[in-house]
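Trainee: I would like to go through the strands of this protein with you. Could we put the structure up?

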Amino acid sequence: MSSPSSNANANANAGVADVGILAQNQSDSDDASSVSEGPKFTRRWDVYKNILQYGTEYCGNCCYADIADGSTTSPALPSTVGLRISGVGNVPLPISDDHGNEIKKRAPSEEEDNNGVYEIEASKIKIQNPQWDNSFKQLLTTVAYKLGVNPSKLTAELDGLTYMEKGGYIERSNDDDDDGNDNGVLGAIIIQLPSKFTGGALTIYNCEEDEEEDEDEDDEEEEKSFKFTLGAGEEAAYSCHFACHFLDCEYEMAKLWSGSRVLLRYSLHYKHDRADEIPTAGLIQYLTSPIESSLNGLPPDDRMVLIPLEREYDGLSLVNAGIKALSREHRQKAEALKAAGAEWEFLIVNAKLVHSCSDYGDDSSVTSIMEVFDERGNRVTSEMSWLKRTIDFGSIEHDEGMLLAFDDDYECVSNWGVCKARSGYYNHRQTYRSTFLVSYDPAFEMELKCLGGTEEVAEVCKKIVETRDHGLLDRLLSVVGSKRKSKFDVKS
């Protein structure tokens, strides 16, 4: 397992040229620091420093689940699977009671009490839909990004099929056999084929361990659990669902109240030279938690971060593919932000900057947000128009590039990328276009909107008068008292 310090060294050089979190250096106030057990505020610069220090190679989720019908950022799996089981024949889905009984006859019965769960080995299973393999390969790429690992190193192997009848359940367990990591097993993915059932929620547990904490200091591990319904009810009958997790996670499935479900079980394999190089849920959580903590510690009117990608993604490619249009490096940053800020909104913004300069030393910059997309590629420019008034892209010119920030050593770094167009000689104009990742906390959208000016403040004042909401009034007075916009300036 690679250590955080080795990741920091590996990413140090790459990070220097990547300054650009929407970062305003805000000192902790005396009031905040003096209150006993009060909140300890972080800065946007802290978010960036954590991304710079650890990188985003192993920043992700310990587990993830979603519907696989194309309605989300997860690719679609064919709902017509073409499932065939040796000795049973073709199995239409959702499965009928007759086919379920045939599976039960052929499942090995090592124990009398199987909790209503029956297993069929992989050699007896065949997926006949020719589109399945390609669709599953695309899904595997999504799984890699969600888990925070390299997609080119992740493969999957079918382990078998699970049939659960009414009343069936799986007790808490894990797949961490003695030879798991030695064989390159990173974790598991289950594909729930179209099934009609109620109940049966899947719960995945991640026991967090501080890798630098002495075992004697705290014998108890903090445990997190994640519950997924996998479309229980009508939704599951028409589409596939999936869930994935690392090898060191534990899981259980609650009892089915009605119906039955069919699952394909795959083991996830990771290319490696040594077993200790295979990522684990513990490592992923260890590397993601600093970003999560710095995001959660931001004060109310700073709960927005913005990362420049130093290149422009075509609007049409973003419409067609959304977050999947991003390069591997940029997709990893996006998924790291999404994993660390699970409740935060995520957007992709295309912006333009026009800088004019004359021989008399006069210069000016005009920036504009051209298009805003959600992670699925939907244009939400009009709905997010308040961003134009909230974000200040104030920049200065330096070495043929427009600057948005300084690094920790006050070294200027251009984050708009190369100049797209230049006109004029004595009075020249330079045009830059670039794509940015934006993440903000919707719970504090009011504070962020009010940074945009009097129009948003007036709307909030009207709401306060109508509702007599004194809590909202206190929040408004706090943000108005700051008298500033969100700026792209680390040292402001």
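Trainee: In what order do the six strands of the open sheet come?

Mentor: Please keep in mind that this is a predicted model. The order of the open sheet is E1-E12-E8-E15-E6-E4, with antiparallel pairing.

Trainee: Which are the edge strands?

Mentor: They are strand E1 (63–67) and strand E4 (117–121), each of which pairs on one side only. From one strand to the next, the twist averages 25°.

Trainee: How many bridges join E8 to E15?

Mentor: Seven bridges join strand E8, residues 185–192, to strand E15, residues 261–270, and the two run antiparallel. For Ile 189, the bridge partner in E15 is Tyr 266.

Trainee: Which strands does helix H4 lie across?

Mentor: Helix H4, residues 97–106, lies across E4 and strand E6 (154–164). The helix runs at about 105° to E6.

Trainee: Changing topic to strand E24: how many of its residues are buried?

Mentor: In strand E24 (residues 428–440), eleven of the 13 residues are buried, so the strand is largely enclosed by the rest of the structure.

Trainee: And how many bridges join E17 to E24?

Mentor: There are 13 bridges between strand E17 (residues 345–357) and E24, and these strands run antiparallel. Val 349 has Phe 436 in E24 as its bridge partner.

Trainee: In which sense do E16 and E24 pair, parallel or antiparallel?

Mentor: Strand E16, residues 304–308, pairs with E24 in the antiparallel sense, over five bridges. Here the bridge partner of Leu 306 is Val 438 in E24.

Terms used
Residues are numbered from 1 along each chain as its sequence is written. This is a predicted model: local features need pLDDT of at least 70, side-chain atom pairs count only at pLDDT 80 or more; totals for chains, interfaces and linings use all residues. Side-chain values use heavy atoms; hydrogens and water are left out. Two strands pair if DSSP finds at least two bridges between them. Helices (H or I, at least four residues) and strands (E, at least two) are DSSP runs, numbered from the N terminus. Axes are lines fitted to C-alpha atoms, for helices over the stretch in contact, and angles run from 0 to 180 degrees between N-to-C directions. Contact means heavy atoms within 4.5 Å. Buried means under 20% relative accessible area, exposed over 50%, partly exposed in between (1.4 Å probe, protein chains only).
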